[in-house]
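I opened this notebook to keep track of what I looked up in the structure. The entries follow the order in which I checked things.

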Amino acid sequence: MLFGRTHKNEIHLPVKPVDKWVYTTCGYCSTGCSLEVGVNAAGKAVTARGVEDAAVNRGKLCLKGIYEYEVFESQNRGTVPLIRKNHKNAFEEKSWDEALDQTAAEISRIQAVYGRDSFAIVSTGQIYTEEFYTLGKLVRGVIRTNNYDGNTTLCMASAVSGYKRSFGSDGPPGCYDDFEHTNCLFAIGSNLPEQHPIIYYRLQEARTRRPFPMIVVDPRVTMLAQMADIHLPITPGTDLVLLNAMAHVILKEGLQDEDYIRLHTNGFEGFKKLVNEYSPEKAEGICGIAADMIRKVARIYAEANAAMTIWTMGINQSTHGSDGVVAINNLNLITGNIGKPGGTALSITGQCNAMGTREFSSCSGLPAYRTLENEADRAFAADFWGVDTRHFPDKRGLTETDIFPAIERGEIKGLWLIGTNPMTSMPNTPQIRKILDQLECLVVQDAYTDVETVQSATIYLPAALWGEKTGVFTNTERRVNLVRKVVAPPGKAKSDLWIFTHLAKRFDRAKEIKFAETAAEVFDEIREISKGRLCDYSGMTHEKIEAARGIQWPCNTDNEAGSARLYTDGHFQYPDGKAKLIALPFVDNNEVPCQEYPFWLNSGRVVEHWHTRTKTGKIGNLNKFSPTPFMEMNPRMAAKMGIAAMDYVRVISRRSSAIVLVQLTERVAEDAVFIPMHYYNCVNRLVKGLLDPYSRQPAYKQSAVRIECLMDQDEAAKTAASLRDY
Amino acid sequence: MSNPISSNTENPQLSQHGTNIVLGESYPHLMDAPLEINGHSCGASEVPNLNRFKQHGFHFNADNCIACHACESACSEKNDLPPHMAYRYVGSIEGGEYPDVTRINISMACNHCEDPVCLKGCPTRAYTKYLEYGAVLQDPEICFGCGYCTWVCPYNAPQLDPEKGQVQKCNMCVDRLEVGLQPACVDACLSNALDFGVIDEIPLKQQEAKLSIPSFTDPSISRPNIRFQLNQPLPTSFQRMDDVPMTYDQVDAQKQTETPNPSAQSAFKIKEKKPQTSSDWSWHKLRSREDPLVFFTLVSQFAVGAFLMLFLLPKWSPFSETLFLSQENATVLAGTLFLIVGLQSFALLLSTLHLGKPQYFYRAMNNLRHSWVSREIATMGAFYGLIVVYSLVTIFPVLVSWLPLQLASLLPTFLGLGASVLGPLGLYCMYRCYRIPARPFWDHWHSGGAFFSSGLILGSSVMGVIFGLTGLASAQEIAPVLRLFAIFSLFGLILQQVAQTQHLRYLLERGEEASVSRMQLKTVFRKIDTARTWSLRLLIGAAIFFVLFPPAGALGMTAWSAIFIITVAHEVVGRALFYVLVVPTTVPRGFFWGNQTFESLARKSGLAEKPQVGVLSDKH
């Protein structure tokens, strides 16, 4: 058995000596995994591990979390502020004083010349809640432009809007523990294994312990669709019809929860009248799902007693995203599946702190789910901050997706981007470049200098990354969790909080307003301002959060340990405490395939990448799984067109074109292709991005394209390789 | 199919391969010896695991894997691997038609086999199968980077790192096992797909322990310690997501029930996928990283053939006269020896430099007991030594003038005879190196046929050129000389023809990866294959012509030289094909990572220059 050895050789395995473990919450998606980073004696992050007793991830991490500590060493970090006259000039290195003075001067100048709202600000979903709060205070209280938004408009706006329309407030009512109690999971436009692997882990564990039916709606046969008991391969963009038809079946067959509807909802009659028009047979013609299958699924859902729906971008990123969310809420309201264990409508969020920006950044309102439209809310915030209430606009300004057209129209002359990369992430990116180049002043505040948007910037402010500062994130299930500082930011890079508070000092208007300097102090302010609100933080402190491995809001003296679910008593946030059932007629305004552009174009994530790859595109052990853009294409269609696997092809839409490598898979229909969203100069060049009328979120997932074979493959490969720096 | 549970309860000591899972009862002294990891030594009594001396293995539930790469990443993170390396990798196969499609993801690392072919093949003895957990561990410090283990492993487990010039592989996380933890990959698994434990003891959350699943290599090659679960209904055919042009097709269900052979429990058979027939010559596809081996093998075979002819023919009376005059010409003799030794030296140097760590070349003979590579190097090394000394004492008799006269005159004969025995023996060992079950294209006597025929063909062609020219220069009759070498060449060519015909038949019969190779030959290399068939016929015809009607004088010499050039080209192309046509048994990989087509694309397009692409650029 032991060949040819008379003694045991000593075994040498790699060791990574860890001096201390630092508690953090992952800075990628909104799952909110607790992870500890191992720091060696020299203060360098060398390894990471999932926190064993973490409520969310129970010791597990996905590949991005496993390698997250490598972002500290990633290439092209910004280490010094940069300024130039316009985007055609070269940058000059400046001190922070010069850079912040210049930023404040430009903001003041533009506002003085073109008006208060001619300077716009777009932030992110990836800085800490303390930073969002401070930014909100700076913008609403000091800069006072009303054109202030987060890039969450690209991902979560429809969910926010849908929750507000149905329940009277934002705030996902459910939690991951619902998997342990549900009797039916309905997943629509969500691909957990790829996008939220740790939530999938929780689901898988629950299903292993206690099997329950899983129904997945997705035009693509994702891994989740494959694991489902029932997969509904829906025609893109027709979810609303399916949901209306399911409600139709439930009401027709009397499967609804009459008591719940009577006690806790308004608008039932109008809703009933509308869904009556959506028979399963009618839906079959639109969605491509058999009428009997729709009936079957509706019955399973209604009769489950505890049924839950999860969704992500498949719903949010469509022309009727907000309506889709409301339709999901409708389905859950009529079956009494809100606020009970296993019965919920849970929006699976995107960015690590998309929730935090929704709660406290004031970009669509005022802190703690207060609105600009509400006079009492304005008065409260003005008083709390020491601002004259007249400085607050009485309605929300432009969203990110409306800010760009406003720049094009010449209404907005200056833009400050914080931790977001629209040159890659916005639909129709060639147009975005033209728009950005039109600005008199573009401030980009980011951790990396090679973020594509910096190409158009006039001022670049180097920011610290996740783990280079302390603060909190809120995850999908409303769990507030802590990130401790692991290492110092490189060079002169500063935390976003530092940048906000120091920029505030440049404005005379800020003299009256106190800006807390440390995250802990800001957090105390957040506790105070959120007291009594739905997102009540008053019972939390950084230390308490770390000890509990995250606490779900509301957390106050009544709920010391936080709250797993919202609306458990059926009391909603509308003044009368009732939720709304809303009638949702389906209007099909999608760009659909035609003779000239015969393919549906769908986009989405891959597990190894995060957003526009500014982080994951530089970590070899992640990036290697998809280092260059590819396109999923049906092999039978490819054979007809003479396209082979690993061929470069050009994909063309009415907007522009992109070069991708072809991957052949039966995951996609013959008339559909799928391209990951992460790459610069790729899928978002093609996307039309019609806006949802309520949320102003773009429809990324429904566009029409055609495919052209490329004769010179070697040339195509070289061109494709030259299209992006990382 | 046999029920693994019942077979286990009947005899709990035996694995499904029929081997005792309790290890090392016959090595009591090794059981007592502590296991030293990174300077910490751990005796049996200090380790909490009662099953420490039982064979352990991975259990993979293919129904559950979602290809999230967590196992792969946890492994790479723990082992501090650069992006171009991995001990574990996830690949996929896919079957069915939209929307009724089934993708099976497969996570695979080292299977710590019962019959570790890597351990047996490694010339440096870098591998050890430990009694503890039955872990097959490889010591990169000992390894000199020849990469032979990466050839013989049916699962692609050992990975050659061109940057470090050494092979590395999965170490079963023995350090974690020693403190009661699971391997890092198992710990990281998010979908209850990867498990680990005593082999054939079905893990807690799993239900079955199959020996194979579609796309997994025939377990009989090395008796791998991995068990599978796969219960979902399967489509009739699976495609690979990587570039290997084959599919897995369900064999007739009827047939399956007639052969309840547990080792052949996979109901799927590999079938070659017909690529588009190439209209161009695909010359560039003949190049591979084994190019130095094309040179090394051909030159070694030439050297053996040429030396044997040079040494033996004059001693064999019917031929002594033909070559006698030339043999008398000391300059020609010295020149010929110099050519043989020179070429062989260069080839040996190249093959040594081809190693990841050439400075450790002397470790090549560490594993004479098991490794044909060690034996090849030993025999070929001895052959080389003998011909060097033979050349020296032949060319410079003064070197041995101090010896008794009789001994000095006999010495070249002894040396030459020794080389004449060791040379063919070396070629035989070389041939045995290629009898690799995980490389079905080579695993046939044709490999040996090719090697010996090259020795004959190249040896005789060169000899013909040298002695023909010598004869011509001294106005000798060269026809008998050319005829003599044409006879040897003819033997070689006929051997090659027979070997090739047999080989093609074998490829078809063996099926699976072998028939993929055959398909490649008939499609991608169609034109080259046709040209080669005709060049072989031409060479045979020419050889027959030279045997029957040897042309004399300058005309004969010109014809011979032309044929010599064709011969060399024929041999080089043939040997290049020998290396590029191999389709190793592999477990499927992904679309980018580990896909060789993408790797060459990345190198060509310049993508590989970014280290985070995970493909080493040409610089290495």
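**Entry 1: a helix pair in chain A**

I looked up where two helices of chain A meet, and found that A:Asp239, A:Leu240, A:Leu243, A:Asn244, A:Met246, A:Ala247 and A:Ile250 in H8(A) are in contact with A:Asp323, A:Gly324, A:Ala327, A:Ile328, A:Asn330, A:Leu331 and A:Ile334 in H14(A) (C-beta atoms, placed from the backbone, within 7 Å; helices, H or I, of at least four residues, and strands, E, of at least two, are DSSP runs numbered from the N terminus). By class, this contact has nine nonpolar, three polar and two charged residues (Ala, Val, Leu, Ile, Met, Phe, Trp, Tyr, Cys and Pro count as nonpolar, Asp, Glu, Lys and Arg as charged, and the others, Gly among them, as polar).

I noted that this is a predicted model, in which local features need pLDDT of at least 70 and side-chain atom pairs count only at pLDDT 80 or more, while totals for chains, interfaces and linings use all residues. Residues are numbered from 1 along each chain as its sequence is written, and chains are lettered from A and ligands numbered from 1 in the order in which they are written.

**Entry 2: domains of chain B**

I then turned to chain B, which is divided into domain 1 (4–272), domain 2 (284–580) and domain 3 (590–620), with bounds that come from an automatic or database domain assignment. The contact between domain 1 and domain 2 of chain B takes 24 residues from domain 1 and 25 residues from domain 2.

**Entry 3: chain B against chain A**

Lastly I looked up the contact between the chains, which takes 65 residues from chain B and 62 residues from chain A. The side of chain B that touches chain A has 30 nonpolar, 19 polar and 16 charged residues.
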